[in-house]
Amino acid sequence: MSDAETPQLSIEFRDTPCPSQPLAAIGLEDANLLDALSQFDPYGAWRVDLETGMVYWTRDVFEIHGMPYKEGPIDLALAISRYHPDDRELVMNCIEEATERKTGFRFVLRLATPDGHNKLVRASGLYRVNSQGKGEVFGAFSQFQPRVRTVAVNS
């Protein structure tokens, strides 16, 4: 893979959230979209309760992390500890910035796997005040899959 094809670690913040896109307007429910996104590759959703520091993951987020699925929350510190040591502070900074600025972020960073390797993961997050009036950050999570173009050469 040439340098031009090698995926780069990246972080991006958004100054203002994008306009809402209600799925009900087209006759879908939130779960329908997650089912479609995860049909071929693991693709999950996550939520951080800012008051308790607990994180909630869908099944595919556990799979991408190489952890067995369990219902209920996990500690934010444990979730962040799964990242490459050089990327852990960046993940925490994304959550803090989204909370302080009440906006969103996206990143491609390295996740440490249980077998000692790293894989690139993509996450996007958005701050909101939930129906109980409490702040939280939620978003989407997937393994980064670089697109590789294959060209057949006739000899």
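Q: Which residues does Phe141 touch, leaving out those up to four places away in sequence?
A: A contact means heavy atoms within 4.5 Å. Beyond four places in sequence, Phe141 touches Tyr43, Gly44, Trp46, Val61, Ile64, His65, Tyr83, Leu111, Val121, Arg122 and Ala123. This is a predicted model, in which local features need pLDDT of at least 70 and side-chain atom pairs count only at pLDDT 80 or more, while totals for chains, interfaces and linings use all residues. Residues are numbered from 1 along each chain as its sequence is written, and side-chain values use heavy atoms, without hydrogens and water.

Q: How many residues are in the largest nonpolar core, and which have the most contacts inside it?
A: In soluble globular proteins, nonpolar side chains tend to be buried together. A nonpolar core here joins buried Ala, Val, Leu, Ile, Met, Phe, Trp, Tyr and Cys residues through side-chain atoms within 4.5 Å, with buried meaning under 20% relative accessible area (1.4 Å probe, protein chains only). The largest such core has 26 residues, and Trp57, Tyr83, Phe107 and Phe141 have the most contacts inside it. Two or more of its residues come from each of β2, β3, α2, α3, α4, β5, β6 and β7; helices (H or I, at least four residues) and strands (E, at least two) are DSSP runs numbered from the N terminus.

Q: What lines the largest cavity?
A: On a 1 Å grid over the protein atoms alone, a cavity is a set of points where a 1.4 Å probe fits but cannot get out; a pocket is an open set with protein on both sides within 12 Å along at least five of seven lines, and lining residues have an atom within 4 Å of a point. Here there is one cavity of 30 Å³ or more. The largest cavity has a volume of about 180 Å³, the space filled by probe spheres set on points joined across faces, edges and corners. Its lining has 16 residues, with Trp46, Trp57, Tyr83, Val91 and Ile95 nearest the centre. α3 gives the largest share, three residues. By class, 15 are nonpolar, one is polar and none is charged.

Q: What is the volume of the largest pocket?
A: It is about 1,400 Å³. Of its 37 lining residues, Ser124, Leu126, Phe138, Gly139 and Ala140 are the closest to the centre. β6 supplies the largest share of the lining, six residues.

Q: Over which residues does pLDDT stay under 50?
A: pLDDT is the predictor's confidence in each residue, from 0 to 100. It stays under 50 over residues 1–6, while the chain mean is 85.

Terms used: Ala, Val, Leu, Ile, Met, Phe, Trp, Tyr, Cys and Pro count as nonpolar, Asp, Glu, Lys and Arg as charged, and the others, Gly among them, as polar. Buried means under 20% relative accessible area, exposed over 50%, partly exposed in between (1.4 Å probe, protein chains only).
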